[in-house]
Amino acid sequence: MAESYKTPDYKNYKFRELKSYSSTEWLADNKKKYRQVFDRYRVTYIYAELSFYNKLFDNEDWEIDVELRCYSLKKKREEVCALTFRRKVSKYDNVVFIREGWGNKAEGKFWKKGTYYWEAWIEGEKVATKFFYVEDAGDLWTPDHNPYLEVHSLRLYEGPYDDVNEDDRTYYKKFSAEETRYIYAEVILKNNNLTQNWQCELFTKFYNNSRELKGQVVRLQRIEQKDDLIKVTAGWGSNVKGSWRRDRYSAEIIFMDTLLAVIPFEVVEEFEEGNAPVLMPDRHSPMVLNQEEGIAQTFEEVLLQLDNMIGLTEIKQKVRDNANYIQFLQLRKEKGFVEKEEINVHSVFIGNPGTGKTTVAGMMGKLYKKMGLLTKGHVHEVDRVDLVGEYIGQTAPKVKEAIEKARGGVLFIDEAYSLARSNDDSKDFGREVIEILMKEMSNGKGDMAVIVAGYPKEMKHFLDSNPGLKSRFKLYFEFSDYLPQELSQIAGYACEEKAVVLTNDSKEMVDEIILDAFRNRDRTFGNARFVFDVIEQAKINLGLRVMAKENPEELPNSDMELILPEDIARINIKRKRELPNIPVDEKYLTSALEELNQLIGIKNIKKQINELVQLVRYQRYTAKDVLNSFFLHTVFVGNPGTGKTTVARILTKIYKALGVLERGHMVETDRQGLVAGFVGQTAIKTAEKIDEAMGGVLFIDEAYALTRISGAAAHGDFGDEAIQTLLKRMEDNRGQFFVFVAGYPDNMEGFLKANPGLNSRFDKILKFEDYSPDELFEIAQLMLSQKNMTLGKKATTHLKSYFEFVHKYRDKYFGNARTVRNIVGQAIRNQNLRLAELPEADRDQQNHNELIFEDVQSFKLDTSDFVFNKKTIGFK
């Protein structure tokens, strides 16, 4: 029996779905015309359909208690109805449907405009909520008049699951069976209900030629009062190509159970570009609905739109002058004049972020279209990532694809300078991009304007990177930073866009923020983007303040849009991060100090580090916070093999044990880890390393290599960019991480003098002296003991003499401990060869763990080897 598998928590059902509908018409498979948006004057009852799976299917009949509640959300939650009933569930029903509704049999009598929702309760437990909306356009719906919307444009395009950017869409009337993934319907609707905000629910249904439903997409979208046009895209298909079979299809657009438009299309062998004719219910013949033609602006309207932009006075005049000059050339051509050169529409935009470069590029595309220079006038925006491949052979196809997408409009290349690495870098694929673009601009198919944009200094380098590049661009536009009064106007515009209002005091505070940012700006200043971010943060603070109140839903609309001074003040609050309480790790500190003290020599280094330990202990004794309080950027200076890297690692452990650093790890890098091959990327690469080292130590070995190129040869070297980034972060994040730089004495002196700010940023300099002969011998003994080896008496005497000899004649290339390691390695090798030459019987009589004089006698106290073998002095 069914009872055998029941438990106390067992339920006879599993919830499936809760839907809403209004039409009682029966459809196939026991379905209804489900939707969430209803017109007040065309609805009588609104029903809820609760469905659940019967777990006792084919076992037994049973009964269930169900309650369907409906609520209104006009001002506060009000109950519309509560329908309670007990139903019998038949063992023959796998899926159970319960349908109940509320309203009045006369249209427009019961339901008013507003937001509602159904709640479904089973056996006293709420299982689902379903929102629905009743709209009132203030006008009756007739066969000839839809008071909400009308179809303005309907076109089809192909793309992946995550859709296609509007500028990148190619519209088709026929699709390739082998290449098609998703087929999207792009619907543009004219908003006829402009007096209020409302909810639009649009159904897009795809049918095959047999009128079988292939797929359906429902889009629920809130329409704002200011939205003249409504744009909706809906696609069906698969990311796997070939899911569409060769056939005739159609896409139907439905709103409130009313068919708005049908667009037929075919899936055949090859794509065919174009706009498919659309069938309208009130038209006898198909018609092409083209969005571009429907909302096209005149030439003067585009210029007026440009004039209405805030600031950019010089840019506006230059664009207008350029347009007038092009019209002059066209007029000359009409009168029979022959121009030796084609009209050049390729441009260079120079300026900081947020100065309107992309917006102006879009307007220039429209102007060129109006003047007949371009066929579409759209903008296709790309950057280095979109154009440059990772491997040989990948770049050219990417560039050609971008060019074809931009054909008929503008190819806008942001941060174009990143395509030109240092001029001697022949391996960078950015050069290939430049060459393909030059060829296209010289003798390509045309019907395209190329606009390159970026910072002034970098764009000069970009244009100088190829002899023919500069000649391809005739128009130069310099976008200056917005002035404070212009940024203030932009703030007003941002408020309109975000539907918020500033009080007078709030406006003054915003203007103060703008002025302060303007005075302290650098070339990364965001201009309009910065202002939009400020208003966005203020809106977020407004929202947090409103939602902190009791019953925020009862507040008037004015409270939901008014930004107060306290909302602005919170933008400026730089919250002080609560620091963790990190005690001294005595066990870890003792271990680190023992490791330090076991090192041979470097007495002055040990003394300085022990003094630092005492200082931190004193700070803790006086109850001062040590975390992030010490600024211990350190220079490690010394010849090779003097222990710089080893001490750096130990010192990091000591700082961690003392709680001077939050994390206490060490990130080791060098020039290669910080410097990139093209402008702008070095700062990013360096910043990433710093972020990785935050809370610990950034150790830069051979740091002098960052300034190794000077004078004329420095053109194209970006080591200085790494230094500038490092200096700024050392200042901005003082105490949050330490920088250790290491190198040889002469080189490090040049490094610290290469930039005025470098020397002042480093608080400590640790000088690692060359090891004395006795210390070199001690190091040799330590290395031998680690290998379980000892020295015989004569070998000891000879090695001591040899270390005195190499120390006496050392130079700046002397390897110290590294030299000792090589000597020890060679001596052990000599011993192994000596023992290998002995007969096995004699070999067993030898001490395999002892080096004798024969093993070290090859290290001669003779300067004759210096001339030809200076770097390996004393070696065979």
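# Report on selected elements of a predicted model

Gly-114 is found in strand β7, which spans residues 114-122. This is a predicted model, in which local features need pLDDT of at least 70 and side-chain atom pairs count only at pLDDT 80 or more, while totals for chains, interfaces and linings use all residues. Residues are numbered from 1 along each chain as its sequence is written, and side-chain values use heavy atoms, with hydrogens and water left out. Helices (H or I, at least four residues) and strands (E, at least two) are DSSP runs, numbered from the N terminus.

Gly-114 has a relative accessible area of 14% and is therefore buried. Buried means under 20% relative accessible area, exposed means over 50%, and partly exposed lies in between (1.4 Å probe, protein chains only). Leaving aside neighbours within four places in sequence, Gly-114 is in contact with Phe-132, Tyr-133 and Val-134; contact means heavy atoms within 4.5 Å. Val-635 is 521 residues from Gly-114 along the chain, and the C-alpha atoms of the two are separated by 70 Å.

**Strands**

Strand β11 (residues 182-191) is mostly covered, with nine of its ten residues buried. Strand β9 (residues 149-159) runs antiparallel to β11 and is joined to it by ten bridges. In this pairing, Ser-153 stands opposite Ile-188 of β11. β11 also pairs in the antiparallel sense with strand β14 (residues 229-237), over nine bridges. Here Glu-186 has Thr-233 in β14 as its bridge partner. Two strands pair if DSSP finds at least two bridges between them.

Another group of five strands forms an open sheet with parallel pairing, in the order β19-β20-β21-β18-β22. β19 (379-382) and β22 (475-479) stand at the edges and each has a single partner strand, so one side of each is left without a neighbour in the sheet. From one strand to the next, the twist averages 20°. Strand β18 (residues 347-351) pairs with β22 in the parallel sense over five bridges, and the bridge partner of Phe-349 in β22 is Phe-477. Helix α4 (residues 357-370) packs on this sheet and touches β18, β19, β20 (410-413), β21 (449-454) and β22. The direction of α4 makes about 160° with that of β18.

**Helix pairs**

Two packed helices are described by the angle between their axes and the distance between the axes. Axes are lines fitted to C-alpha atoms, for helices over the stretch in contact, and angles run from 0 to 180 degrees between N-to-C directions. The table lists two such pairs.

| Helices | Angle | Axis distance |
|---|---|---|
| α10 (residues 484-497) and α12 (residues 528-547) | about 50° | 9 Å apart |
| α23 (residues 773-786) and α25 (residues 817-837) | roughly 50° | within 9 Å |

α23 is therefore oblique to α25, and α10 and α12 are likewise oblique to each other. Angles under 35 degrees count as roughly parallel, over 145 as roughly antiparallel, 65 to 115 as roughly perpendicular, and the rest as oblique.

The crossing of α10 and α12 is right-handed. A crossing is right-handed if the near helix is turned clockwise from the far one by less than a right angle, and left-handed if anticlockwise. From α10, Leu-487, Ile-490, Ala-491, Tyr-493, Ala-494, Cys-495 and Glu-497 meet Ala-528, Val-531, Phe-532 and Ile-535 of α12. By class, this contact has ten nonpolar, no polar and one charged residues. Ala, Val, Leu, Ile, Met, Phe, Trp, Tyr, Cys and Pro count as nonpolar, Asp, Glu, Lys and Arg as charged, and the others, Gly among them, as polar.

α23 passes α25 in a right-handed crossing. In α23, Leu-776, Ile-779, Ala-780, Met-783 and Leu-784 meet Ala-817, Val-820, Arg-821, Val-824 and Ile-828 in α25. The contact of α23 with α25 has nine nonpolar, no polar and one charged residues.

Helix α25 also holds Arg-834. Arg-834 is buried because its relative accessible area is 13%. Beyond its neighbours within four places in sequence, Arg-834 is in contact with Gln-846, Glu-850, Ile-852, Glu-854 and Asp-855.

**Positive phi values**

Most residues other than glycine have a negative phi. Asp-29 is not a glycine, yet has a positive phi of about 60°. Asp-29 lies in the loop between β1 (13-21) and β2 (37-39), and counts as exposed at 67% relative accessibility. Glu-415, also not a glycine, has a positive phi of about 50°. Its place is in the loop between β20 and α7 (430-443). At 39% relative accessibility, Glu-415 counts as partly exposed.
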